[in-house]
Structure formats: structure tokens, C-alpha cells
Amino acid sequence: MLIRLHFIHSLTFITLLISGLFLYITPTRTWFNKVQIPLVSVHVVTAVIYIVIILLSIRFLLSYTFNKPLIKKFNGYLILVFASLWIFSGATMYFQSSLPIVIRNNAVIIHDWCTFLFIPWVLTHSIGHFLHIRISWPKWWRTKAPLPDALQENSLQRRDFLKFFGIGILFVAIGGYIKWFLPTLSISSNEDKRRGYFRIYNVTDDFPRYEDTDWSLTINGSVNQTTVLTMDDVPLFPETTIVDDFHCVTGWSVHGVELKGVLLKDVFDHLGLTTSGKYVTAYSGDQTYYDSFTTSQILDEGAMLVFEMDGQVLKKTQGYPCRLYHPSMYGYKSVKWLSQLEFSKERELGYWQKSGGYDLNGYL
Ligand SMILES: Nc1nc2c(c(=O)[nH]1)N[C@H]1C(S)=C(S)[C@@H](COP(=O)(O)O)O[C@H]1N2
Ligand SMILES: [Mo]
């Protein structure tokens, strides 16, 4: 019974680990999204199964470790502590929309760090399993608690463990590497500005690689005059710089990002543009991503065209040369490679409202 539980637990655990790492790593997350495999749901459903297993095993675990040496107790309790941290932080992430940003952000940090701190344990534990390494207990422990026969009997499962843990370790190694590597790619070069980092999101395989000469922004639909802006026009408008916290609805944030660009209100004022449309759809030059706003959100709430972040022109992957930004809304409203603002009488649904159920207004 215990061995079977252990096996089911490790299978579920590895599934969680792998799907979690796929969600964490940008290219795999994007790929799964692209082929429409709902990885988040896979992860969540597995997590529910995992919770059931943990709840089922607590009784066995406690009675099993009852008169076992300290090290066995330690293993059992370690799993319980980590499992509860994962479960609580995971649940917080799942129900995040009703929780304050601080809690949400810390939940992501706890969830990620538990995973990465647990790697050494998974490694030692599974290596012990495949290589049949057994640390013999000191005599005074052994006499107190002789090794149970059950431990000797699980040799049949070792090959399976080898397979599953082998794959697991590979992904953990890749994930661990990326975990340490990613922050160094953070957009801020200045150490003390490093406060969280952008995880590049892109729903398409590729992205538009604009030069500053071939980018343009079309403002059309129900406006008094259709307008096409190029980089040459940008200096005509007063420059606006704000420092703001960037929040992605999946839980990560970057604090104190300096965003430089022009307010859309200033663009309208300077060009004498007016609109009779109540709504705006903002399209990306990637031909796929777009989102929808009310005209007043765009003109009266400080929405801007952003050209620089933290004192540097946008990176190619972060929307170069121009992304939309609304200071009180989630990151998904920040359409990268912005190419068109279409004003209309009827409201469109955005990319994520159609495929991910994100809130239309996207306020923080
Ligand atoms: N064109 C385009 N814009 C986009 C996205 C996208 O996939 N494509 N993702 C959005 C989401 S969900 C977020 S959180 C931010 C992430 O910004 P970053 O990629 O610069 O970190 O971009 C937003 N703008
Ligand atoms: Mo996002």
C-alpha cells in the first residue's frame, strides 16, 4: 500500500513538476498555448489529484514514521511542509483575481522557490532509489527501528522510478538553469533597479522585427481624419515619463518601471483629432494580438504610447518600437508592436477575452 502510494505520489509529482516548468519557461508556454493544449488546466487538475493523494497519505505517513528514525520523520515532514506551501500558494495563484497584488506576487515567489529549493531533495531521494543506495542507520537507531521488509520489496518499481525521475531531473536541470539565468536578462541594467523581471509574453511564434523606419501607427475608424504616425512624428508631441509597477495577470510584477512616451490625449490634441466612437481596438503588428478599450480609457486615463522602458528603447521582444500602456491596467492590455488604433461604435472583444476569459477592462 505504502509503495503504491509512493509510486502514485511520484508520478503525480513529476507531472506537476514538468507541466509547471513548461508553464514557467516562455517558449514552451507559448508553444502549448499555440497548439491549444490547456497546460494550466492540466497543471490544476493534476494538483487537485495531488492534494487528494497528500490527504490520503497523511494518516499512513504518520503511522509509518511513528517509531521510525528521525531521518524518516524528517523526509515525511519535509514533504508535508513543501506540499502545503505549494498547495496554499498554488490556490492563491488560482484564485488570484480576488486577492491583493502583494499576496498574489508573494504566492508566485513561494511557488517558484519551493520548486527550486526542492530540487536537491528530489535529486538525492531519487538517486538513492535508482542506485539502491541505502544509508545504513547508526546502530542505536537500528535497534530502535529495524528497516522494514517493505523497503526491500520495491525493486520491481525501480526501473519506473528511473524513467520518471530521469525525465524529471532533466527538466528540473533545464528549469533551474533558466531560473538563475533569466534575471540577468532583465531589462534594467542597474543592480538596485532590479525589482522583478519581465517574462516575455508573445502569443505568436515570431514577432514583427520593425526598424524605426518601417513602423507606423494608423489611427482610423470613426475619427475625423485617418492618421498614420511614423517615428518622425513622435517628437512633435510632448514627452511623458511615468514610473509605474507593471503587473501581469498571471501573477508576476516588475516594480518601478520607467516608461517614456507620449500620452494619446496629447496626440489627439496636437493633431486636432476627434472621435465619435465610444470604443477603441488596439492591434499589434503581429496580426494576432489586440485588445479593446473605451475611448475614455484611452484619452482620459493617461494611456500612452511607450517607446522607452528604463531609459532604453524597447527590446525587440518587448514591442519595439512602440507598445500601448494604460497605467491602471494589467500587462495584457499593453499591446506590443502597436500598429493600429481603430475607433468604433461597437465594442470588439480582445484576444484574451476570446481565448482566455480575461476581464475586458483589465483594471488592476
Ligand atoms: N503583441 C502582443 N502584446 C502583448 C502580449 C502578446 O502576447 N502579444 N502579451 C501581453 C501580456 S499578457 C503581458 S503580461 C505583457 C508582457 O510584457 P512583456 O512581454 O514585455 O514582459 O505584454 C502584453 N502584450
Ligand atoms: Mo500577462
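Guide: Let's start with K354 and E348, whose side chains meet in a salt bridge with N and O 3.9 Å apart. The term means that a side-chain nitrogen of Lys or Arg lies within 4 Å of a carboxyl oxygen of Asp or Glu. K354 is exposed, at 54% relative accessible area, while E348, at 31%, counts as partly exposed. Those words have cut-offs: buried is under 20% relative accessible area, exposed is over 50%, and partly exposed is in between (1.4 Å probe, protein chains only). Elsewhere, E239, K260 and E308 are joined into one network by salt bridges that share partners.

Before we go on, a word on the ground rules. This is a predicted model, where local features need pLDDT of at least 70 and side-chain atom pairs count only at pLDDT 80 or more, though totals for chains, interfaces and linings use all residues. Residues are numbered from 1 along each chain as its sequence is written, chains are lettered from A and ligands numbered from 1 in the order in which they are written, and side-chain values use heavy atoms, leaving out hydrogens and water.

The whole structure holds eight salt bridges. One of them pairs R209 with D206, at 2.5 Å from N to O, and D206 is partly exposed at 41%. Another pairs D269 with K265, with 3.0 Å between the closest N and O atoms. Why are these two about one helical turn apart? They sit four residues from each other in helix 9 (residues 264–271). (Helices, H or I of at least four residues, and strands, E of at least two, are DSSP runs numbered from the N terminus.) Both are partly exposed: D269 has 47% relative accessible area and K265 has 41%. Helix 9 has buried residues too, namely L264, D266, V267 and F268. Just after the helix, G272 takes a positive phi of about 65 degrees.

Charged side chains turn up around ligand 1 as well. The shell there has 11 nonpolar, five polar and four charged residues; Ala, Val, Leu, Ile, Met, Phe, Trp, Tyr, Cys and Pro count as nonpolar, Asp, Glu, Lys and Arg as charged, and the others, Gly among them, as polar. Of these 20 residues, Y201, Q318, R323, S334 and K336 come nearest, where being near takes a heavy atom within 4 Å. R323 has a side-chain N or O atom 2.8 Å from an oxygen of the ligand. D286 also reaches ligand 1 through its side chain, with an N or O atom 3.0 Å from a ligand nitrogen. V203 uses a backbone N or O atom instead, 2.9 Å from a ligand oxygen. On its own, ligand 1 exposes 530 Å², and the protein buries 99% of that; such areas come from the Shrake-Rupley method with a 1.4 Å probe, and for residues only the protein chains shown count as cover.

L324 is buried, at 1%. Its C-alpha is 9.7 Å from that of S339, which is 15 residues away in sequence.

Methods: A polar contact is a pair of N or O atoms within 3.5 Å; within protein, one must be able to donate a hydrogen and the other to accept it, and residues adjacent in sequence count only if both atoms are side-chain atoms.
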